[in-house]
Amino acid sequence: MRLLQTLSVDLRRAYSSKPSVPIIAAKHPFKLEVKAGKVYPWCACGHSKKQPLCDGSHRTAAPDLAPLRFTPTEDKTLWLCGCKQTKKAPYCDGTHKQSHVQSFVPESGT
Ligand code: FES
């Protein structure tokens, strides 16, 4: 009987789990001075406390999302997406100006 209960719980978890979706970390892009040849891990999940870069929070908050690592070819200033809704990650494409981002109210504790 106990085995059936355990199996039932496992099946419910398996079928109720949804893929992680990024949360809106900010309603604006982040300006970042980058160096050529250095690897930067852009936070794709929105949970990092070191926006716009990854702090490892995805490992517990959104385990099926991973940072997008990129390596600039020259020293320059970039505007990296903070809303995590861009279609041109890791760069801001202006999506943060849309109403679904600007009207977003974060849950307490996120
Ligand atoms: S901050 Fe995400 S598109 Fe501009």
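User: Why does Lys76 count as partly exposed?

Analyst: This is a predicted model, and in it Lys76 has a relative accessibility of 34%. Buried means under 20% and exposed means over 50%. The value for Lys76 lies in between, so Lys76 is called partly exposed.

User: What makes the contact of Lys76 and Glu74 a salt bridge?

Analyst: The side chains of Lys76 and Glu74 meet at 3.9 Å, N to O. A salt bridge requires a Lys or Arg side-chain nitrogen within 4 Å of a carboxyl oxygen of Asp or Glu. The 3.9 Å value passes that cut-off, so the pair is a salt bridge. The structure holds 1 salt bridge. As for Glu74, its relative accessibility is 43%, so Glu74 too counts as partly exposed.

User: Why can such side chains pair at all?

Analyst: Side chains of opposite charge can pair when their charged atoms come close.

User: How do you know that strands E1 and E4 pair?

Analyst: E1 covers residues 30-34 and E4 covers residues 76-80. Two strands pair if there are at least two bridges between them.

User: Which residues of E1 are on its covered face, and which are on its uncovered face?

Analyst: Phe30, Leu32 and Val34 make up the covered face of E1. Lys31 and Glu33 make up the uncovered face.

User: Why is the pair of Tyr40 and Phe70 called stacked?

Analyst: By the ring rule, the count comes to 2 aromatic pairs. In the pair of Tyr40 and Phe70, the ring centres are 5.7 Å apart and the planes are 25° apart. Rings pair if their centres lie within 6.5 Å, and planes under 30 degrees apart count as stacked. Both values pass, so Tyr40 and Phe70 are a stacked pair. Tyr40 lies in strand E2 (residues 40-42) and Phe70 in strand E3 (residues 68-70), so the pair ties together parts that are 30 residues apart in sequence. Both Tyr40 and Phe70 are buried. Ring pairs link Tyr40, Phe70 and Tyr91 into a cluster.

User: Is Lys84 buried or exposed, and how do you know?

Analyst: Lys84 has a relative accessibility of 6%. The cut-off for buried is under 20%, so Lys84 is buried. Lys84 is found in the loop between E4 and H3. Its phi is positive, about 65°, although Lys84 is not a glycine.

User: Where are the cis peptide bonds that join Gln51 to Pro52 and Ala89 to Pro90?

Analyst: Pro52 lies in the loop between E2 and helix H2 (58-61). The bond of Gln51 and Pro52 has an omega of about 5°. Pro90 is in the loop between E4 and H3, and the bond of Ala89 and Pro90 has an omega of about 10°.

User: How many helices and strands does the chain have?

Analyst: The chain has 3 helices and 4 strands, in the order α-β-β-α-β-β-α from the N terminus. Of its 110 residues, 33% count as buried.

Notes: Residues are numbered from 1 along each chain as its sequence is written. This is a predicted model: local features need pLDDT of at least 70, side-chain atom pairs count only at pLDDT 80 or more; totals for chains, interfaces and linings use all residues. Side-chain values use heavy atoms; hydrogens and water are left out. Buried means under 20% relative accessible area, exposed over 50%, partly exposed in between (1.4 Å probe, protein chains only). Helices (H or I, at least four residues) and strands (E, at least two) are DSSP runs, numbered from the N terminus. Rings of Phe, Tyr and Trp (its six-membered ring) pair if their centres lie within 6.5 Å; planes under 30 degrees apart count as stacked, over 60 as edge-to-face and the rest as tilted.
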